[in-house]
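Me: I want to learn how to read domains and interfaces in a model. Can you take me through one?

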Amino acid sequence: MKPAPFQYHAPKTVADAVALLAAHAGDDGRILAGGQSLVPTMAFRLARPAHLIDINNVEGLDCIAEAGGRLCIGATVRHAAFHKPVTAGPLGALLSAVVRHIAHYPIRQRGTFCGSLAHADPASEWCCVAAALDAELVARSARGERVIQAAAFFDGAMTTTLAEDELLAEARLPLLPEGTKFGFQEFSRRAGDFAIAMALVAFRVEGGRIADARIGIGGAEPAARRIAKAEAALDGAAPGKDAFAAAADAAAAAMDPMEDVNTSAGYRRDLVRTLVRRALEDAAAA
Amino acid sequence: MTEKTDITLTVNGRDFAVTVEPRRTLADTIRDDCGQTGTHIGCEHGVCGACTVLLDGEPVRSCLMFAVQAEGREIRTVEGLAADGALSPLQQAFIDNHALQCGFCTPGFLMLATGVLERDPDIGEDELREVLSSNLCRCTGYQNIVKAVKSAAATMKAGR
């Protein structure tokens with residue numbers, strides 16, 4: 001239950017961090033941000049990184065800023081930063097509603113938004129947010145910088161398309177237009193447990209019709225994603241029971257659910273149907 | 001084996017010069033190197049909360065941090081709660097409300113609740129219960145812990 005030995009590096013700048021990552025990535029060098037997933041994995045010795053590159057003291061990575069219609073979230077911004085809305089519009093309220101479902105209060109003081117994305121646990125709430133809202137993920141390396149779209153970032157359970165020498169330096173979320181309604185629902189057996197499934201929905205109502213529908217599902221499949229067929233069931237429809245039921249059915253039908261010893265695929269599929277419907281009802285009632 | 005590093009940890013306002021491997025957790029360092037054994041270690045993977053300490057005022061799992069990461073930060077543990085021989089209002093409330101039995105989880109609960117009440121003295125019941133769900137207790141059934149923290153919150157507000 002004690003982590004295996006490793007070399008510890010504490011760079012002060014992004015340039016130094018990515019240089020260290022380039023030097024040690026091939027030797028199982030890993031980034032240490034909040035450590036709330038990595039350190040337990042190390043305690044179990046499921047991970048034995050030879051080098052840890054601690055980015056907690058890297059200047060500028062703890063920044064939350066708005067630019068170009070997007071909210072930019074730096075690599076060391078903690079979950080707890082979102083307990084109160086970080087921006088006045090619907091996005092700030094959405095993030096505050098979702099963050100309360102992440103683990104527990106002390107974990108949220110250390111764990112980071114970007115760390116959750118890079119870890120890519122299927123049950124991560126932030127991965128569901130990133131997928132549903134089409135986040136842009138900014139990868140930095142000694143080779144330069146590239147922007148990865150969320151749909152091309154998640155690559156199965158605990159896997160992303162980040163190269164081993166790339167640091168997820170920033171996530172950018174669209175500042176949702178005024179009037180955007182949202183709902184978030186997840187189910188787990190106990191408060192704070194990993195969710196068995198979750199649904200994040202967002203839409204606007206224009207002239208009595210739903211527009212810009214987004215439905216993201218997490219926890220049910222190896223990676224969170226938007227469900228286009230479920231969104232299509234909403235766009236142009238009048239908000240209400242019929243449209244919500246159609247979208248929930250479409251989302252459930254689109255699933256290829258994971259199975260585990262406690263939870264069958266069929267159960268997860270049913271759960272997705274229920275969670276999407278409830279999230280849509282919450283959004284409409286807000 | 002990796003090389004050991006000399007660091008200084010500030011625990012309850014007192015500086016401890018210690019020499020640790022990078023892999024040494026803050027929890028182990030507080031107990032074994034600083035000799036402050038009030039902080040308990042239960043699960044060692046962030047689930048039980050027995051090792052909760054305040055890091056710059058915020059409750060964190062000290063088993064999920066390395067000691068080398070805590071240099072220059074203000075660490076508070078259960079030993080720092082009582083002042084001049086008098087228990088803190090929260091500690092007293094735990095006794096008055098039978099919020100502990102075996103006592104193993106108690107330091108973690110005290111630090112968790114201290115951090116939360118200092119930040120948000122007017123915390124509502126639902127939110128308080130959500131926060132207290134962070135830590136595990138096998139004796140009390142939690143009701144008395146909730147009662148004790150609410151009672152301490154009232155005492156602290158009256159004393160402000």
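This is a predicted model: local features need pLDDT of at least 70, side-chain atom pairs count only at pLDDT 80 or more; totals for chains, interfaces and linings use all residues.

Me: How much area do chain A and chain B bury between them?

Reply: The size of an interface is often given as the accessible area lost when the parts come together. Buried area here is that loss with a 1.4 Å probe, summed over both parts. Chain A and chain B bury about 2,500 Å², with 59% of it on carbon and sulfur atoms. On chain A, the trio A:Y105, A:P106 and A:R110 supplies 25% of the area buried against chain B, more than any other three residues. Contact (heavy atoms within 4.5 Å) takes 31 residues from chain A and 30 residues from chain B.

Me: How many salt bridges and polar contacts link chain A and chain B?

Reply: A salt bridge puts a side-chain nitrogen of Lys or Arg within 4 Å of a carboxyl oxygen of Asp or Glu. There are 4 between chain A and chain B. One joins A:R108 to B:E130, with the closest N and O atoms 3.3 Å apart. A polar contact is a pair of N or O atoms within 3.5 Å; within protein, one must be able to donate a hydrogen and the other to accept it, and residues adjacent in sequence count only if both atoms are side-chain atoms. That rule finds 7 residue pairs across the interface of chain A and chain B, both residues at pLDDT 80 or more.

Me: Which element of chain A gives the most to the side that touches chain B?

Reply: Elements are DSSP runs numbered from the N terminus: helices (H or I, at least four residues) and strands (E, at least two). On chain A, β1 (7-9), α2 (38-43), β3 (51-54) and α4 (105-110) each give two or more residues to the side touching chain B. α4(A) gives the most, with 6 residues.

Me: What links domain 1 of chain B and domain 2 of chain B?

Reply: Use the same tests. Domain 1 of chain B and domain 2 of chain B bury about 1,300 Å² between them, 58% of it on carbon and sulfur atoms. B:H40, B:T52 and B:V78 supply 31% of the area that domain 1 of chain B buries there, more than any other three residues. The count is 2 salt bridges and 7 residue pairs in polar contact. The side chains of B:R76 and B:E118 meet in a salt bridge at 2.8 Å, N to O.

Me: How many helices and strands does chain B have?

Reply: Chain B has 5 helices and 5 strands. Their order from the N terminus is β-β-α-β-β-β-α-α-α-α.

Terms used: Residues are numbered from 1 along each chain as its sequence is written. Chains are lettered from A and ligands numbered from 1 in the order in which they are written. Side-chain values use heavy atoms; hydrogens and water are left out. Buried area is the accessible area (1.4 Å probe) that two parts lose on being put together, summed over both.
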